[in-house]
Amino acid sequence: MKLLLVLALLSGTTAAAEEPPTIRWHHCQLNPADAEGAELDRAGAECGELKVPLDYSRPDGPKITIAMSRLKATGDRIGAMVLNDGGPGGPGLSMPLRLRVTMKEAGSRYDLIGLDPRFVGRSTPVDCKLPVAGWPWSGGSDKTSFRRATTLQADIAARCADNAGSVLQYVNTRNTARDIDQVRIALGEHKISYLGYSYGTYLGSVYLQLFPGRTDRVVLDGPMDPATYGPRLLRGMGPANEAALRDWASWAAARNTTYQLGTSTAQVLAKVDRIYRAAAGKGLRIGKHTLDDGSVPMVLFGPLADDRDPARAVYTTFVQTLLKATNAPVEPGAELGQFLDALLTPALSQLVSGQAAIACGDVAVPRDPQVYWRDIQKHRREEPYFGSLTRMISPCAFWPVRPQEPPTRIANTEPALIVAADGDPRAIYANAAQLQKGLTAARLLTLKNARKHGIFGEYGNDCVDDRVVAYLVSGRLPATDLTC
């Protein structure tokens with residue numbers, strides 16, 4: 001009972017400290033090899049650190065460091081805006097450089113704050129020492145593949161327990177939201193603005209719930225459904241990604257003279273089927289990597305969330321290379337080579353560690369592998385390409401600690417602008433309506449006929465960009481929901 005009382009007291013407050021938090025500002029470049037820091041310095045940004053409680057129930061206990069950047073306003077200043085690029089676990093230190101341009105005339109009117117969330121990037125990062133970027137990962141084509149992939153997920157959890165076990169109970173979205181409020185206080189702002197993409201929409205929603213009245217202008221792009229966010233957030237995305245794959249196949253078929261994958265959608269998908277069969281059999285040797293039915297779905301899933309022609313052209317070269325590898329070993333092109341190096345080496349260990357730690361710290365999941373196997377089998381017919389990936393077990397089923405707090409229920413009247421594409425394969429359009437049910441004062445800006453995750457400043461739609469910028473400048477939400 002006392003624990004529940006402590007959690008209730010924490011839910012809407014920033015932990016009281018004897019002295020207000022302070023940020024130590026300095027140049028961003030850490031060493032000659034720090035390209036990100038050098039770029040921030042060239043742009044006139046500054047970087048800083050803030051000490052925050054590891055455990056907000058013990059505000060005077062151990063502290064961790066939150067790293068951030070600041071690109072100060074140069075025009076008629078509106079205020080400070082915290083940025084989040086999603087993930088979960090995505091670093092955000094360099095976001096101000098991109099958003100200053102993306103926000104057009106609004107960009108120069110904010111102090112843009114790029115934040116590495118707790119245990120990510122420069123903010124006391126966790127690293128589970130992972131051999132591959134093994135989550136998410138496909139359960140493959142049969143029970144043998146499923147067991148192999150399940151063992152990989154259990155190994156990720158075990159490595160996180162061994163290398164970061166002492167802090168895992170403090171890695172979660174609610175604590176990150178509390179950190180943001182400490183940043184607000186340290187900046188001396190009565191209110192802050194916020195712009196978040198993807199998982200950043202969930203983080204922003206949690207902040208709105210825990211700290212009502214402390215935001216000015218809020219943009220949530222690529223919305224998560226708070227009710228389904230968590231380690232199984234991909235579970236409902238299978239159909240949208242199957243549809244995105246079919247759309248790409250139709251696009252490639254219309255350009256058969258260029259790509260020679262077939263003159264119809266069915267012919268192109270038959271080539272993808274051939275790739276899947278080979279991956280489940282002898283595997284595909286591409287450069288120094290061998291792909292199987294656990295990794296091939298990730299290769300085809302990862303770059304699918306962008307329906308613009310240049311992105312589809314790159315995706316098609318991936319498919320062409322995979323197809324050639326069904327006959328003999330091949331070398332990857334530069335872009336596929338980089339993708340495979342990221343996926344199949346320890347290169348993304350720290351990023352995936354943070355992502356898993358946050359998701360597993362937020363929401364508990366079933367721990368019986370059979371739950372996931374049955375779910376995959378039930379949906380194989382309608383989700384033949386990605387169901388074994390989106391419905392697969394995660395490291396959270398083996399996580400060494402349980403979530404310390406219940407998931408945040410979003411129910412408030414804080415103003416926000418939600419931006420959503422109706423064909424988004426990563427944040428399905430139904431999420432927007434669900435989020436708006438919780439944020440009852442929010443307005444929804446919908447982009448029609450687009451299969452892209454992340455719209456504002458990224459898709460090149462003037463209608464969306466102009467309406468978001470108008471809100472950021474004026475602070476006035478549209479009177480009604482809008483469509484572009």
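1. Two strands count as paired here if DSSP finds at least two bridges between them. With that in hand, welcome to this predicted model. As background, strands of a sheet pair through backbone hydrogen bonds, either parallel or antiparallel.

2. Where does the sheet end? At the β12 end, the pairing with strand β11 (residues 443-447) is parallel and runs over two bridges.

3. The largest nonpolar core holds 117 residues, and Trp248, Leu291 and Leu300 touch the most other members. Apart from this core lies another, of 33 residues, including Cys47, Leu93, Ala106 and Tyr471. In general, nonpolar side chains tend to be buried together in soluble globular proteins.

4. Leaving aside residues up to four places away in sequence, Trp248 touches Leu261, Val268, Val272, Arg312, Tyr315, Thr316 and Val319. Both Trp248 and Tyr315 are buried. Why is their ring pair called edge-to-face? The ring planes of Trp248 and Tyr315 stand at 70 degrees, with the centres 5.2 Å apart, and planes over 60 degrees apart count as edge-to-face. Because Trp248 lies in helix α7 and Tyr315 in helix α11 (residues 309-324), this pair ties together parts that are 67 residues apart in sequence.

5. Now for the charged pairs, where the count comes to 28 salt bridges. One of them joins the side chains of Arg178 and Glu405, at 2.8 Å from N to O. Arg178 is in helix α5 (residues 173-187) and Glu405 is in the loop between α15 (387-390) and β10 (417-421), so this bridge links distant parts of the chain, 227 residues apart. Arg178 and Glu405 are both buried.

6. Asp375 and Arg232 form another salt bridge, at 3.8 Å from N to O. Asp375 belongs to helix α14 (residues 369-379), whereas Arg232 sits in the loop between β7 (215-221) and α7 (238-253), 143 residues apart. Asp375 counts as buried because its relative accessibility is 7%, while Arg232, at 24%, is partly exposed. Both residues belong to a network of salt bridges that also links Arg235, Glu383 and Arg391.

7. Last, take a look at Asp341 and Lys288, whose side chains meet in a salt bridge at 3.6 Å from N to O. Asp341 lies in helix α12 (residues 334-344) and Lys288 in the loop between β8 (284-286) and β9 (289-291), so the pair ties together parts that are 53 residues apart in sequence. Are these two residues buried or exposed? Asp341 counts as partly exposed at 28% relative accessibility, and Lys288 is exposed, with a relative accessible area of 58%.

Notes: Residues are numbered from 1 along each chain as its sequence is written. This is a predicted model: local features need pLDDT of at least 70, side-chain atom pairs count only at pLDDT 80 or more; totals for chains, interfaces and linings use all residues. Side-chain values use heavy atoms; hydrogens and water are left out. A salt bridge is a side-chain nitrogen of Lys or Arg within 4 Å of a carboxyl oxygen of Asp or Glu. Helices (H or I, at least four residues) and strands (E, at least two) are DSSP runs, numbered from the N terminus. Buried means under 20% relative accessible area, exposed over 50%, partly exposed in between (1.4 Å probe, protein chains only). A nonpolar core is a set of buried Ala, Val, Leu, Ile, Met, Phe, Trp, Tyr and Cys residues joined through side-chain atoms within 4.5 Å. Contact means heavy atoms within 4.5 Å. Rings of Phe, Tyr and Trp (its six-membered ring) pair if their centres lie within 6.5 Å; planes under 30 degrees apart count as stacked, over 60 as edge-to-face and the rest as tilted.
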